[in-house]
Amino acid sequence: MALGQLGRTLAVALTGIEGTMVDVEAHITGGLPAFVVSGLPDTAVSQAPDRIRAAAATVGLLLSQLRITVNLSPAAIPKHGSAFDVPIAVAVLAARGLVPQALVAETVHIGEIALSGRLRPVRGVLPSVLSAARAGARRVVVAPENAAEAELVDGIEVCAARDLPCLVAAYASLARGQGWPARTAPEEGPGDEPEEASTVDLADVVGQHEARTALELAAAGGHHLHLAGPPGAGKTMLAERLVTVLPRLTHAQALQVLAVRSLCGLPGEVRSLPTVPPFVAPHHSATQAALVGGGGPVVRPGAISQAHCGVLFLDEAPEFAASVLQALRQPIESGRVVIGRATTTVEFPARFQLVLASNPCPCGRAFGKGLDCSCTPLMIRRYTAKLSGPLLDRVDLQVVVPPAGRVALGESGGEPSALVAARVARAREVQLARWSRIGCRLNAEVPGTVLRRTPFRLPPPVTRSADRAVDSGTLTLRGYDRVLRCAWTLADLAGRTVPGADDVAAALGLRQRTVAA
């Protein structure tokens, strides 16, 4: 081997769920033995030389007597995680002439290397492969446990190698024109099992006819929902059944959901595309970083991003820290969350449906006349103040869930989720046909300026109830737009082409309820 030889391959540096292609260059020359990595590596990347040297020695490839310099370009982008182990090792092998340079130079490598030389799975393979495919890559090499996840991306060849010797042998086979050796299927894990049919159904909810109507309205138009009522009234049951009436995820939505899940779950657990929208219900002790996203040197998505294209349910919402609840305001409006750091800015998708559930007071008995309530007026005021006006102003539907009486127990149950889901799907088809020209899918996504201008502006006799609420100060301009959006959804569910005065009045009524009403 001639000293001064250069090896090169490709890797992906993730920032959120977006990735940047990285040129991994390895240079071997004479001099004192060393193994240096440059290009803004974090601690995990800086420790890669120790893992690679030990793994290479285990399989009979001695690197300890060489002076190796590795550069990760572009150097201005921070590099995080052990997924750079395999590309660094392959670049070094290419510099030594053990793998064909022409083949590895155009191949993306993702994976961690164990001291035994085995390739280990890592997080974030799906968003990495998606980014590589968009950048024009045609082949990616991953650990066997990550292969199923990588194969979810169309238009890219996925190759797997069990360890370094297998990787070298596979490239030799590829150079001879024999193709990459077929891999053996990995042992089945939790991710291999198909999605089970939901065991919950809207028919399980007895009574609560107004809350069921609000739930269907929220599902049809993508509206946010606040359920207020005493304990045991069925608020959690209703929220859990919202995903049963939502349409199944499209292929593009499923890829986005899995891209976020790939960054949060165990390495290698993502193996199939989901069809059911995610339902995320964090505990009220969750921190702002857990809900919105954040963390240490590697920014991780929070619960709102994990609920992307699905439902975020905050049970006992006033028990969350006030700062945590206020952090929801910007993502609710924009459908994304932006987390700033000194060296980078990370963006995650966060287009979710928010469902809040709250009691009337800390003890939960301040309903109706509230004779059994043991809370002082100051306690109730502090409790309800957690759900601030600016936050609730962004929630389209605010309904009361009263306690179900004994009569409700004798009911046979309401409509099943399948029937409601069919109506929701038809209403969404109408909305897509109406708003696709402006880039929107649902009524909840339509800007208020569009609804207040021709040809969608409703005549004054139709909007009179909402206009009076604005004049009296009980409805903000943001709330006015949200009332119009709900009115359009009510009309879509009823099969009407344009909302009427009753639709606007009903939408306004579903927004201005209070627990004491």
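These are my notebook entries on a few spots I looked up in this predicted model.

**Overall**

I started with the whole chain. The protein has 517 residues, and 50% of them count as buried. I count on 22 helices and 18 strands for the secondary structure. Along the principal axes, the C-alpha atoms fill a box of roughly 85 × 50 × 45 Å.

**Asp 85**

Next I went to helix H3, residues 85-95, where Asp 85 is found. Is Asp 85 buried or exposed? I get a relative accessible area of 0%, and the cut-off for buried is under 20%, so Asp 85 is buried. Then I looked for what its side chain meets. The side chain of Arg 51 makes a polar contact with that of Asp 85 at 2.7 Å. A polar atom of the Asp 85 side chain also lies 3.3 Å from the backbone nitrogen of Ile 113. Leaving out neighbours within four places in sequence, I listed the contacts of Asp 85 as Ala 48, Arg 51, Ile 52, Gly 111, Glu 112 and Ile 113.

**H2 against H3**

Three of those names, Ala 48, Arg 51 and Ile 52, turn up again in H2, where they meet Asp 85, Ile 88 and Ala 89 of H3. By type, I have 4 nonpolar, no polar and 2 charged residues in this contact. For the geometry, H2 (residues 48-58) packs on H3 at about 60°, with the axes 10 Å apart. An angle between 35 and 65 degrees is neither roughly parallel nor roughly perpendicular, so I noted H2 as oblique to H3. The crossing of H2 past H3 is right-handed.

**H8 against H18**

Helix H8 (residues 209-221) and helix H18 (residues 417-435) have axes 8 Å apart and pack at an angle of about 40°. That angle makes H8 oblique to H18. Here too I wrote down a right-handed crossing, H8 passing H18. Which residues meet in this pair? From H8 I have Glu 216, Ala 219, Ala 220 and Gly 221, and from H18 Val 420, Arg 423, Val 424, Ala 427, Arg 428 and Gln 431. They divide into 5 nonpolar, 2 polar and 3 charged.

**His 308**

On to a loop. His 308 sits between helix H12 (303-306) and strand E14 (311-314). Its relative accessibility is 6%, so I put His 308 down as buried. What does the side chain of His 308 reach at 3.0 Å? I found the backbone nitrogen of Arg 351 there. Apart from neighbours within four places in sequence, His 308 touches Gln 256, Val 257, Pro 278, Pro 349, Ala 350 and Arg 351.

**Val 395**

My last stop was another loop, the one between helix H16 (389-392) and strand E18 (397-400), which holds Val 395. Val 395 comes out at 0% relative accessible area, so I marked this residue as buried. With neighbours within four places in sequence left aside, the contacts of Val 395 are His 224, Leu 225, His 226, Leu 356 and Arg 511.

Terms used: Residues are numbered from 1 along each chain as its sequence is written. This is a predicted model: local features need pLDDT of at least 70, side-chain atom pairs count only at pLDDT 80 or more; totals for chains, interfaces and linings use all residues. Side-chain values use heavy atoms; hydrogens and water are left out. Helices (H or I, at least four residues) and strands (E, at least two) are DSSP runs, numbered from the N terminus. Buried means under 20% relative accessible area, exposed over 50%, partly exposed in between (1.4 Å probe, protein chains only). A polar contact is a pair of N or O atoms within 3.5 Å; within protein, one must be able to donate a hydrogen and the other to accept it, and residues adjacent in sequence count only if both atoms are side-chain atoms. Contact means heavy atoms within 4.5 Å. Axes are lines fitted to C-alpha atoms, for helices over the stretch in contact, and angles run from 0 to 180 degrees between N-to-C directions. Angles under 35 degrees count as roughly parallel, over 145 as roughly antiparallel, 65 to 115 as roughly perpendicular and the rest as oblique. A crossing is left-handed if the near helix is turned anticlockwise from the far one by less than a right angle, and right-handed if clockwise. Ala, Val, Leu, Ile, Met, Phe, Trp, Tyr, Cys and Pro count as nonpolar, Asp, Glu, Lys and Arg as charged, and the others, Gly among them, as polar.
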